[in-house]
Amino acid sequence: MIPFAAEIHIRSRMQRHFNLWVPLAVLWILLFPLVLLLLPILMIGCLVVRIAPFRAIATLWGILTSMADTELAIEFTDRSFSMHLY
Amino acid sequence: MNEDRRKILEMLAQGKITADEAERLIAALEKEPARPTSSGSPDPAPKAKPKYLRVLVESHEPANADSPSLVNVRVPMQLLRAGVRLASLIPPQARDHVNGALRENGVPVDISQIRPENLEEIVDQLDDLTVDVDQKNDKVKVKVYCE
């Protein structure tokens, strides 16, 4: 499943906490026309470097659809950043 | 031969039960699921398929405030499998270059031969891997495990 939201948590040096919900679903909808426009360019690019274009699209789609549930957290002594894809 | 089957045969030999009764009892025993015996240890439960790969990098004495003290990444196994397929998308000329560089550095691996099945083999062996990295002013522990 494509990640439909991202939760970002930032703790700054001033001990301020920011919780941010990014609705990725909206982003995908906005990006969809751009992806359709870029698709022929991507396919031509694949053919130029002798890569099967449909296999490339399938692989990229596979990566996008398996990104949900990815977590990343980085902590410093005085600040931290964490992100969770849903 | 298990204990129950032996008892049935003993009862048959002693004439306490008939051959028909013994046959029925043995048939009933065979229908029962196997129970662990006291002498032998039970079969270990099948290992659950891991869903995530966790990479933890802990720094106990960060060199400075800009060095992270903890990096915690959880990646779905599905994403790793999809990532392995990226190797097949490397253009042939770049693939030859990468293979040559790997061979020069003592890693005779053909990256075009890397398949998602190879990842499964690694994951099967990867229960809990901890690597201690000692740097000049920093002690870093890298832990990689599946969950």
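Reader: Of the 86 residues of chain A, what share counts as buried?
Author: This is a predicted model: local features need pLDDT of at least 70, side-chain atom pairs count only at pLDDT 80 or more, and totals for chains, interfaces and linings use all residues. A residue is buried if 20 or more other C-beta atoms lie within 10 Å of its own, exposed if 12 or fewer, and partly exposed in between, with C-beta atoms placed from the backbone. By that count, the buried share of the 86 residues of chain A is 3%.

Reader: In what pattern do the elements of chain A follow one another along the sequence?
Author: Residues are numbered from 1 along each chain as its sequence is written, and chains are lettered from A and ligands numbered from 1 in the order in which they are written. Helices (H or I, at least four residues) and strands (E, at least two) are DSSP runs, numbered from the N terminus. Chain A has 2 helices and 4 strands. Read along the sequence, they give β-β-α-α-β-β.

Reader: Which residue in the hairpin of β1(A) and β2(A) takes a positive phi?
Author: Strands pair if DSSP finds at least two bridges between them. β1 (6-11) and β2 (17-22) of chain A run antiparallel and are joined by 6 bridges, with Ile10(A) opposite Phe18(A). The hairpin has 5 residues between the strands, and the one with a positive phi, near 60°, is Gln15(A).

Reader: Which residue of β4(A) stands opposite Ile8(A)?
Author: β1(A) is also joined to strand β4 (residues 80-85) of chain A, antiparallel, by 6 bridges. In β4(A), the residue opposite Ile8(A) is Met83(A).

Reader: Is Cys46(A) buried, exposed or partly exposed?
Author: Cys46(A) sits in helix α1 (residues 24-48) of chain A. Not counting residues up to four places away in sequence, Cys46(A) touches Ile51(A), Pro53(A) and Ala56(A), where contact requires C-beta atoms, placed from the backbone, to lie within 7 Å. Because Cys46(A) has 18 C-beta neighbours inside 10 Å, it counts as partly exposed.

Reader: What is the bridge partner of Glu75(A) in β2(B)?
Author: β3(A) pairs with strand β2 (residues 70-76) of chain B in the antiparallel sense over 5 bridges. For Glu75(A), the partner in β2(B) is Leu70(B).

Reader: Which residue of β2(B) is the bridge partner of Glu58(B)?
Author: Strand β1 (residues 52-59) of chain B runs antiparallel to β2(B), and 7 bridges join them. β1(B) also pairs with strand β4 (residues 139-146) of chain B, antiparallel, over 7 bridges, where Val55(B) has Val144(B) as partner. In β2(B), the partner of Glu58(B) is Leu70(B).

Reader: How far apart in space are Leu80(B) and Leu119(B), C-alpha to C-alpha?
Author: Leu80(B) lies in helix α3 (residues 77-84) of chain B and is partly exposed because it has 16 C-beta neighbours inside 10 Å. Leaving aside neighbours within four places in sequence, Leu80(B) is in contact with Leu53(B), Val75(B) and Leu119(B). Leu80(B) and Leu119(B) are 39 residues apart in sequence, and their C-alpha distance is 8.1 Å.

Reader: How many of the 13 residues of α4(B) are buried?
Author: α4 (residues 92-104) of chain B reaches 18 Å from its first C-alpha to its last, close to the 18 Å expected, the expected span being 1.5 Å times one less than the number of residues. Just after α4(B), Gly106(B) takes a positive phi of about 80°. α4(B) is hardly covered, and its count of buried residues is 0.

Reader: Which element of chain B has the highest mean pLDDT?
Author: pLDDT is the predictor's confidence in each residue, from 0 to 100; its mean for chain B is 78, with 82% of the residues at 70 or more. Where pLDDT is low, the predicted coordinates should not be read in detail. Among the elements of chain B, strand β3 (residues 128-134) has the lowest mean, 75, and the highest, 93, belongs to β2(B).

Conventions
Contact = placed C-beta atoms within 7 Å.
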